[in-house]
Structures are given as C-alpha cells and as structure tokens.
Amino acid sequence: MTTAHPPRPSSTPPASAARAGRAPGAWPGLGHLPHLLRAPLRFLGSLPAHGDLVEIRLGPRPAFVLCHPELARHVMADGRTFDRVGPLYEGSRAALGNGLATCPHGDHRRQRLMMQPAFRTEHLPGYADAMRREIGAALDRWRPGRVVDMVDEMFALTTTVAVRTLFGAGIADRDIAELRDSLDTFLKGVYLRALLPAVDSLPTPGARRYTRGLATWRAHVRRIIAARRAADPDDRDLLGRLLAARDEAGGAMSEAELHDQVAVLILAGAETTSSALAWALHLITTHPDAEEALHAEADTVLGGRAAGQDDLPRLPWTGRVIRETLRLYPPAWVLPRTATREIEVAGRRLDAGSTLVFSPYILHRHPGFHAEPDRFRPEREHADGIGPQTWSRSSFVPFGSGPHKCIGDTFALTEATLALASIASRWRLRPASAAPVRAVPRSVLTPRALPMHLIRR
Ligand code: HEM
C-alpha cells in the first residue's frame, strides 16, 4: 500500500491501494472471541499478514481491524464518521459516565476545550512536584530484601499521583486506598464486559463485586468533589482548574460533568501509566545493557534522590526506555470506533454501525514499519530517526491519533520518566519468580504479576 493518494470524501483513503482481508480460524457462533479472550496478543499480531483492513468476528458480529498505520490515521482523524458510539462505548459510559475519554463526537469539542487549559505546559511543573513527592514517599517505604509485586506497587503509585494532582494535598490516605481498591475491581471487569455485555445478568460473585466496586468508586468521587467545593474551590490543582473552566458560552461544568471528568482522568491516567512503568521494569531487569545505562544516568543526574521536572532534560536514556516500552507494550492496546454511515474503507464497503478497531499494539509490532519489531532496543530512536519530534509518525501511536489523542501524554511521560529514574537511582530489581511474565489484556495491557526482589544499590 502507498500513501500517495489524496483523501476522497466518500471513502477512507488510500482505499485504492489498501488490501482488505479476513482472519482465519473463526469458531462457529463464537467467531474469534476464544482467541481474543485466551491469547489476544498472538491473535492481533497475526492479523497484518491478512491485509491492511482485516475482518474478524466477535461472536456473530464482524469487526474490522486497521492493520496499516496510514489507514489507521485516516480513520482516527475523522471522529464524525468513526465515532465512539455503539455497544462497547455504551457499556463504558454506563460505568464511567460521559467524560472526555468516553464521550461521542457531538459532545467532544466542548469537553476538550474545557479540559485543555488544565493540561497547559505551564501547569506541568506543579504536577511534577506532586509526582516527585509521591515517588519519593513510595520509595522511602521500600526495604532491601523484600519482594514486591511491581504491578500493584506501580498502580498504587500512579493512582496516588493522579488523586493528589487532581485533588491537592488535602485528601486522606485512607480515601486514596479505598478509591484505589474500587478502581482496581472496576478495571479488572471492564474488558470482559466490553466483549460480553450480558455477563452482569448472571448473579455471580464476580458480577456482585464489580457492581459494588463501581458504586464505591462513584460515592467516593462524589464526596471528594462536594468536600472540595465546600472548602476551597479555587485551589490551583487540577480540580480547581476544572471548577474554574468555562465553555465558549461562558458556562461552567455541571455537577454530573465534573464528576464524569474526574472519574475519567483517574481512570485514563492511572492504570495506563502504571502498566507502562511495570513493563519498563520488566524490560530493564531482563536487558542488562539497558539497565546499566539507566543506572549510570541516574547516578550522574540524581545521586540517590527522587527526580523532578528540572532533571528531565538530563535523563534522555530513561526517556528512551519509556518510549520503547510504550512501543512494545502500548497500555491502550485496542480502541474501537463505530462507522456512523455506510462507507468504503480499503476498498471494502462497510455498513453504518460497523465496528473498526485501532490497535497501537498491531501498528507498533508491524514488521513493515519497525525493524526487529519484537526486540527491546531503546537506542532505536537514534537508528530509525523516531523520536519525540517525529511522533506524529503514524506507526508509533501509544497516545492515539487525531482529535482524541491523549490529553495527558506529557503528564504521563513526565510521571513515568521521573518514577523510573528515581527507582534506578536507589534500587536494583530482580525477578522473584522464574515464571514467564504474561500480559493480561484488560481494558489496559498489563503484566499479570511482576514480583521483584528489592536490592539497595
Ligand atoms: C502511558 C500513559 C497513557 C497512555 C498510553 C494513554 C493513551 C491514550 C490513548 C491511546 C488515548 C486515545 C483514546 C481514543 O482515541 O479513544 C487517550 C486518550 C485520553 N487520555 Fe490518555 N494515556 C495515558 C495517560 C493519560 C493520563 C496521565 C491522563 C490524564 C491525566 C490521560 C487522559 C486521557 C483522556 C482524558 C483521554 C481522552 C481524550 C479525548 O478523547 O479527547 N491519559 N489516552
């Protein structure tokens, strides 16, 4: 496929060159669901061999997976034609509310305009300060010789950072712990519910736990916002900025909107960043050269202290490790869209209501666009010319593409870089289990468990 064809309004370019295909191995009645539940990454990785747009079956329904970066970029750029609607998003909205990461195209512009100011570059040093404090406090609790599951530990860290940057210093540790637990239950359940929406009609303990987790989560967020309004609504943290936000007509966010945005920011920001960190720790402990370079950089720049915003320019290797981790294990691994009208994509006519799937995982491991795609090589940024300046390149898209591109990308990269450098400046980690590290694709791509020995450097 080439990318030289100009866009045509009635079809997704470059339709004439793109190849549509079909994935083999569908089960009668179930389609490819067994593959997606049992070995989703292997299944996704196999799809580009069948075309640029590949039809799979979710039960009886077809879905169309975008396996070419340019085709994916064109689809993601057109939020009106390829919208966040349909059963998958209805399920997410029922659980999460209609916030920026879940809302359909019609609500998106207003929401994005209201949220954008809270993510301006000038606010980052303040957020980075909260990150540095929380990272330092978490590492102070580590003890040599202990075994810690880094999946849980990084999730605890990034949820605490998300809550502190959103709500300021005033929130109690007990509230943070309860928010974290309910969020964890919810996140574990949401992938299964996206594939099998009927699962909650069965009175199983899992369904009850999920419903309870969701209710606890909602009640907490509501209480925190109410307490904050009563106390100091003008505080200059993220919540203060959302309370002060105005739309083009001068209107403020309603109570429900504010609640949804807060929930979305914690959900969209915490587990994605913690997964990236957990994968980075796994990759570092299994690649001695990369680990040595990481430690050397941390020793020169930090000398044992936690990293802050001012250190970032002097942590280029740490940054590369994080970006190469995001390439190999993009936390947002599948993002569905629904065609809102009949349209031709890659020469294939799709009905209105068709599901399309954008997968950074597929694009990042595509052998046509990345040399030795399965190898961890942080130095590849130099060799291949892929770096922060060329991120718009459509074959490296951990933060998505188009109008919905992640609003928290700089926030996330800052947090992950500060955390990894701070860990490296004080600790060497070693796997505490010989079992292979497996990915559990929940709504976010996460390692199942990552027990590590803590060794003081
Ligand atoms: C490594 C960490 C992160 C990754 C990999 C990631 C990835 C993504 C991706 C792929 C999207 C696009 C979703 C779509 O097209 O439907 C997205 C959107 C979003 N992300 Fe992130 N994200 C990360 C961290 C964060 C953080 C820290 C925050 C907030 C503090 C955040 C908030 C959001 C929001 C609100 C959206 C919706 C944007 C919109 O639709 O306009 N994310 N993220």
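How closely do the axes of helix H7 and H11 come, and at what angle do they cross? In this predicted model, the two axes come within 8 Å and cross at roughly 145°.

## Helices H7 and H11

H7 covers residues 150-167, and H11 covers residues 255-285. The crossing of these two helices is right-handed.

On the H7 side, the residues that meet H11 are Met150, Val151, Met154, Phe155, Thr158, Thr159, Ala162, Val163, Leu166 and Phe167. On the H11 side, the partners are Val262, Leu265, Ile266, Ala270, Glu271, Thr273, Ser274, Leu277, Ala278 and Leu281. Sorted by class, this contact has 15 nonpolar, four polar and one charged residues.

## The ligand shell

The shell has 28 residues, of which His108, Arg112, Arg337, His404 and Cys406 come nearest to the ligand. By class, the shell residues divide into 18 nonpolar, seven polar and three charged.

Polar side chains reach the ligand at several points. In the side chain of His108, an N or O atom is 2.6 Å from an oxygen atom of the ligand. For Arg337, an N or O atom of the side chain is likewise 2.6 Å from a ligand oxygen. His404 has a polar side-chain atom 2.9 Å from an oxygen atom of the ligand. The elements that give two or more residues to the shell are helix H5 (105-115), helix H11 (255-285), strand S7 (335-339) and helix H16 (409-426).

## Strands S2, S3 and S4

Strand S3 (residues 53-58) pairs with strand S2 (residues 20-22) and with strand S4 (residues 61-66). S2 and S3 run parallel and are joined by three bridges. Within this pair, Ala20 stands opposite Leu53 of S3.

The pairing of S3 with S4 is antiparallel and extends over six bridges. Here Arg57 stands opposite Pro62 in S4. S3 and S4 form a hairpin with two residues between the strands, and Gly59 in this hairpin takes a positive phi near 60°.

Conventions. Residues numbered from 1 in each chain as written. Predicted model: local features only at pLDDT ≥ 70, side-chain atom pairs only at ≥ 80, totals over all residues. Heavy atoms only, no water. Near = heavy atom within 4 Å. Polar contact = N/O pair within 3.5 Å; in protein donor to acceptor, adjacent residues only side chain to side chain. Helix = DSSP H or I, 4+ residues; strand = E, 2+ residues; numbered from the N terminus. Nonpolar A, V, L, I, M, F, W, Y, C, P; charged D, E, K, R; others polar. Pairing = 2+ DSSP bridges. Axes fitted to C-alpha atoms, helices over the stretch in contact; angles between N-to-C directions. Left-handed = near helix turned anticlockwise from the far one by under 90°. Contact = heavy atoms within 4.5 Å.
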